[in-house]
Each structure stands twice: as structure tokens, then as C-alpha cells.
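This briefing concerns the model shown below.

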Number of protein chains: 2
Amino acid sequence: MSARVARHDCAPPWALGVIAVKTRSFVSARMVAERAGVSRSAVSRTFTDGASVSEETRRKVLDAAGALGYHVNHLARGLRERSNIVCLVVSNMTTPIRARMVDIMTRQLQASGWITMVINTETDTESVSKALRQTLNYRADATVVLSGTPSASLIEACLANGQQVVLINRDDRLKGSSTLAVDNSLAGREALFLLQRAGCKRLGLVTSNAQTASLVERERVFVDIARAQGLNVTVTMAGPTTYESGADAARRLFGRSNGPDGVFCVTDLLALGFMDVARDEFGLRIPEDLCVVGFDDIEQADWRAYQLTTFAQPLEAMATHVVDLLNDSEGASSDRKLFEPIPIWRRSVRPGVKTD
Amino acid sequence: MSARVARHDCAPPWALGVIAVKTRSFVSARMVAERAGVSRSAVSRTFTDGASVSEETRRKVLDAAGALGYHVNHLARGLRERSNIVCLVVSNMTTPIRARMVDIMTRQLQASGWITMVINTETDTESVSKALRQTLNYRADATVVLSGTPSASLIEACLANGQQVVLINRDDRLKGSSTLAVDNSLAGREALFLLQRAGCKRLGLVTSNAQTASLVERERVFVDIARAQGLNVTVTMAGPTTYESGADAARRLFGRSNGPDGVFCVTDLLALGFMDVARDEFGLRIPEDLCVVGFDDIEQADWRAYQLTTFAQPLEAMATHVVDLLNDSEGASSDRKLFEPIPIWRRSVRPGVKTD
DNA sequence: TTGAAAGCGGTACCAC
DNA sequence: GTGGTACCGCTTTCAA
């Protein structure tokens, strides 16, 4: 691990009154008790919710605590009870959608009294494993996996240790873990519908090589339904789930004759890169010559340069559900909840010719 | 706080061998010791770096630990020694630049053996206070403030409790805390130089109402130097540090006659909104009619729709410095390190007429 | 090398 | 209501 050496290079707490120089180290309940002239138990009770302390004692304790700068040690508390720690496992944190997920999750967890340990992982299993072990080391009460691909065995270790495990937008549906996901097939179906209604004839689909369950599902449904209707779909997979991959996809698709006039990009980031190249390098007008649908509704999709029609994930609702799950703990552990993506209408798809 | 009730609603560990049903709760060293037929001390030593265990014992312990799924309890360990926890205080996490900071910081901290607790705060002092108290509750060894405005008194509480405190890009230079910042005056100066070299005559500056030390400094230097040269600068402050504010700023600046032809936006996000409106709503060509310089070098600045000339913060180097600071702990606690922003040349500023 | 025992900071249970 | 005590899980002397 780390190569740090420093230990308690400072006066022990009980030397406090004597030395009084640069105290260092944390204040303990014992110190507060001494100063307040009460027992440690009294101090503990003062800071415990269902207490039973006289107003008098309470005040003395609070005064002493304030003067000393006392803070209850949750590490010690977590020794007997729950640690109140939630581990958030996430990869690709800089992606706008992921950043928002982390933002919303941490915010809601915090508001509900949890403390969040963020484990930032590469997508590969190895680094997730290392990370998850930390989860266990710190006795997290729960692990929430936003992304990355943890090995089933490790998740099982978390479960075996009594942790709650919540998987978001992933397929591995392990016994004992809760899963929440966005209804990707709905998005795929709806995307196709939007493009068809706009009168698009030559359909394209742009995806990444990440091949996440979510991505694959969106693609599958879009393509299947289209083909069932006798429509061909040109599928392009240009690289990771990035702006650049979207740009590359556009070059491939329009580099040959007869490019598509309606494209579903399984991610906004792909869509934005795709749009830029379609316009700049191939002179296509959006939505006149080309309609584009994305997924995620990242902030940039609303920027004037794009105005991308897309689907929003109900992130706040999803986070609320996670928090509820954790707070219940008993409540229906091994379930799967599906959230409906919300279509966001902007200008990258033509208004559509009503045919009713 | 939270309203959760559940306690150890499960068989005690020592019932394991007997009941063997849905074990739950964490495995302890004692259980490993029993199974391995050694003392608890032996188990502890096996997992301590400078151990002194016979190969035989070690193997027995590791076998038992593996079978039981044992993980050292860092909470208990942190009771006597350092907790190895670092608190990362951050606000506005969805902002691209902030997301990257969090990403890089967590990654490097992790790599160096630290575990990161993320405290997501509104920018207001109150919520930061609440958050920082958590820091103390969990006995974090250090607190790293990426953004938000913690009250000086709380920071002092952290310091008094022996925490290391590192402030990034903030001005509050408290005794005992380390500060790292980007050289904002250099950026302001350089931005002005770029615009002048491009032949811009009517200068503008777009900032936000956040009035961070960093933002103020960039503005101050840009404006001061320009005025010292007899050039006037129109300063616009449209709202928070967002894309929309940049857009609004453009509307204000170009809504009247004789708008600027060279603008320094103190943040990329402002710059991108500014560019979109300048082009779409006022028909200005960039860089022919209008030159724009930003700051941060967020990913979007490199997108084809923008190609913004800007300054990058050397985030990796900064994170490395933070980690070094934490690992040293002794090393020059109360210092301030300045990092040079790196100019990134793109196409939002004209090549510039050399005049040498 | 090993095991026993003390202590880290709290909370819960116990009499008083 | 209050203080004493046991115990949470670990590391660390200290003898053996």
C-alpha cells in the first residue's frame, strides 16, 4: 500500500492540560467528561438521540465539548453498530452523465445521513475488485455500483458480509442485490418511432464498443423493430463512448454514398460528435437533411449548437429510490426497478408529419 | 439524522458454526483465529506489513481468512492509528472542470493508498460546515477543499484536530494549511496579450457573480493591464458560472451598438455560451469578427463547434502535489504552490499579426 | 515466533 | 438520571 510512515508524532491527549502546545490528535469523550466533571457515559448520552440526560448535565457536556472541539468518533461507533458508510463505485467520472449521477447520488445520500466513499475505477474488473475490497475494509453498510464491471464473486463477498448491494443500469442480476435501470427498450422503440415519424428512410445506429447491457439493449430493440418492418439499419461502432467516437462514426457513415437520413446514437456524447462532423465535414443540415436522436440528456445536448432530441434518465427519482432502499434495508432486497426514460424534444429531429 | 432503525438483526458471529444459515455481518479476526487454530495476534500480524510470522502460521491464517472471506476492519484499525481517510470537499460537481478534478484527485489518492470521502456541498457556508463536521466525525487524516467556502473557524477545527488541510484554488490562506492554485494573473495577462496580438480593439470581459478569488484575479489583471495601456474593457457579469450566463452576457454586450471584437471569458463554460449566442443571434463569425479566449480547457472547448483557445490547469500535476503533501505530512505544511496554466491554441482567436 | 493482555473511543446494559 | 463495566475489532507491547 502506501509508504507513509508518520505515526502519533505528538503529545498524547492527556498531556493536553500540561503542554498546551499545538495539541494535535482528536478530542475524545473521556477528555470532555473530565472537563465537564461527569462520566463518559453522560457524554455519550448527550450525543445519542434517545438520550436520558438532565438539562444541567447536558449543558455542561455541550460546553466542554464546544470548548475542546469534540466530535463523536464515528469510526469507533461503527465498531458496534452500522458504519453509516456507503461505497459508490463509479468509472468514467468525467462523462457528463456520470458526473451528474455522482453529484445527485452523493447529495441525496448525504441529505439522508449517509457518508459516501467514492471508489473511482477503471472499467476493468481488476481495479474494481481492488476497490470493492476497500468497501469491505471500511465496513460500508452498502455498495452502490454506478458503473464498472465488478466480478460476481466480489459482489457476493459484499453480500455475504451483510452489505446491501445496489446495481444501477447493469444487467448482472445477482441474488440479494437490488437493481435499478432505465427502460432501454422503451428508448430504442421510441427513438425509432421519432425518426420514422419525421419521415426518415435510411436509418443508422451509432454505438460504442463498451457494449454495456444498457447500450446493447437500446441497439437491439431499435434494430429489431426496424428490421421487423423491413427497414435496414446501418450499425456503426467506432470506439469508446465519447464525442470523438461519434465523430468517427459520422465519417464512416457519410464517407460512402447514400448515408442515413435518420440516426439513433445510443449516447448523447456520441450524438454530439456525430452532429458536428455531419455538419462541418459533410455539409448536412440538421434536421433538414439528417435527424439525430441521442440518450442521456446531458447539459450539452441543450446547448444552442446542438439542440439534441434525446431521452433523460430520471436521475433524481433513481437516487431517491436508492436511498429508500438503503434506509429500509429489509424492504424487498432482491428486486429490480425499471425507470422510464423521458423524451426531450428539441430540434435535431423534424417535427414529424402527422399521419392520423 | 437518518431514521433508520435496523441493528444487528442477525445471528451473532459465534453462532456461525452452529447455525450456518445466511451468516451476515462481517468476519472478524477472532473467527479467523479460531478456524486457523492460532491466536488473534497471529492473524493481526499476518496482515501487518512488518510482521513476524512463521510461514506455516501465515499460510494457515490466509487459508482460514480466504475461506471465511475475512477483510481487515480499517475502522477498528483507525482507532489507534491513522484512518487513511481523506475528505474531498467539492461543490458544483457536474461542471466539467470540477468533474475532472474529482476524477483525477480520487484516482491519485486511491493509487497512493488513501480512501476518499466525498463531501458534496452547496457553495454556501452552512452546508459546508455540516459536511466538514463529518470529516471530523470520521477522523479523516486530511481534508482537501476543491471548492465551496468553508468558514475559517471550521478549517481551524480541522487543523486543531490534527488534520492536514489542503485548499485548491482558493485564497483563504490559513496558517497551517497548504494551498495550491493556478497562476491566474498569468492567465489574465496572457489572455490580453493574445487578443491584442490578434488585433482586437474593443475588449470585453465576461465573468460570473461567483466572485471566486480565482475569477476575480483573472478579471483584475486583464482589466488593469488593459487600462494601463489606455484601452477600455467592458466588463459583464451575467449570473453563475454557466453556459447560460455566457449566453446572456453575449446578448447584453452585442445588444447595443459597437460590441467588442475581443473577449476574455474567465471560464470555458461562459465562453461556449457566449460563442453560441454571438454566432447564432448576432451573426458574428469567430474568429474573423470576434475573438474569444476562455479558461479551464474543458473537453467541450475542443469540440468542433467551438475550438476555443483557452488555458489548461495542470490538474494531474496538482493532484500529484496534493498526494505528495499528504504522504509527507511533515513536509512544509503551511505553504502555497503556484501552477502555471498552459495556453491551448485553437481557432477562436485569429493567428495574430506578428509585429517584430 | 507466539499468545495474553491492554488500550483505542464509543455505546449499551447494569445497578444505584 | 447517573456512573461503572463489558464489549466492538484491531494493533501493540510484553513475557514466555
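In this predicted model, four strands of chain B form an open sheet in the order E7-E6-E8-E9, with parallel pairing. Helices and strands are DSSP runs (H or I, at least four residues, for helices; E, at least two, for strands), numbered from the N terminus; two strands pair if DSSP finds at least two bridges between them.

Because the model is predicted, local features need pLDDT of at least 70 and side-chain atom pairs count only at pLDDT 80 or more, whereas totals for chains, interfaces and linings use all residues. Residues are numbered from 1 along each chain as its sequence is written, chains are lettered from A and ligands numbered from 1 in the order in which they are written, and side-chain values use heavy atoms, with hydrogens and water left out.

**The four-stranded sheet of chain B**

- Strand E7 (233-237) and strand E9 (291-293) of chain B are the edge strands, each pairing on one side only.
- Neighbouring strands of this sheet are turned against each other by 20 degrees on average, direction ignored.
- Strand E6 (residues 203-207) and strand E8 (residues 262-265) of chain B run parallel and are joined by 4 bridges; Gly204(B) stands opposite Val263(B) in E8(B).
- Helix H10 (residues 213-228) of chain B packs on the sheet and touches E6, E7 and E8 of chain B, its direction making about 165 degrees with that of E6(B). Contact means heavy atoms within 4.5 Å. Axes are lines fitted to C-alpha atoms, for helices over the stretch in contact, and angles run from 0 to 180 degrees between N-to-C directions.
- Helix H12 (residues 268-280) of chain B lies across E6, E8 and E9 of chain B and runs at about 145 degrees to E8(B).

- An open sheet of 12 strands with mixed pairing has the order E11(A)-E5(A)-E4(A)-E3(A)-E1(A)-E2(A)-E2(B)-E1(B)-E3(B)-E4(B)-E5(B)-E11(B).
- Strand E11 (336-339) of chain A and strand E11 (336-339) of chain B stand at the edges with a single partner strand each, so one side of each is left without a neighbour in the sheet.
- From one strand to the next, the twist averages 20 degrees.
- Within chain B, strand E4 (residues 164-168) and strand E5 (residues 178-182) pair in the parallel sense over 3 bridges; Leu167(B) has Thr179(B) as its bridge partner in E5(B).

**Symmetry of the protein chains**

- Chain B is superposed on chain A by a rotation of 180 degrees with 0.0 Å of shift along its axis (RMSD 0.1 Å). The two copies are thus related as by a two-fold rotation axis.
- In chain B, the C-alpha of Met117(B) is the nearest to the axis, at 2.2 Å.
- The same surface serves both copies, since 100% of the contact residues of chain B recur in chain A.
- The superposition is by least squares on the C-alpha atoms of residues with pLDDT of at least 70 in both copies.

**Surroundings of DNA strand D**

- DNA strand D is surrounded by 29 residues, the closest being Arg45(A), Thr57(A), Ala29(B), Ser44(B) and Glu81(B). A residue is near a strand if one of its heavy atoms lies within 4 Å of it.
- Of the atoms of DNA strand D that come within 4 Å of the protein, 60% are accounted for by sugar and phosphate.
- Phosphate oxygens of DNA strand D lie 2.7 Å from a polar side-chain atom of Ser44(B) and 2.8 Å from an N or O atom in the side chain of Tyr70(B).
- An N or O atom in the side chain of Glu81(B) is 2.6 Å from a sugar or linking oxygen of DNA strand D.

- Of the 27 residues around DNA strand C, Ala29(A), Ser44(A), Glu81(A), Thr57(B) and Arg80(B) come nearest.
- Sugar or phosphate makes up 59% of the atoms of DNA strand C within 4 Å of the protein, and bases the rest.
- A phosphate oxygen of DNA strand C is 2.9 Å from a side-chain N or O atom of Arg77(A), and one is 3.3 Å from a side-chain N or O atom of Arg139(B).

**Backbone geometry**

- The peptide bond from Ile286(A) to Pro287(A) is cis, with omega near 10 degrees; a cis bond also joins Ile286(B) and Pro287(B), with omega about 10 degrees.
- Pro287(B) is placed in the loop between H12 and E9 of chain B.

How values were computed:
Polar contact = N/O pair within 3.5 Å; in protein donor to acceptor, adjacent residues only side chain to side chain.
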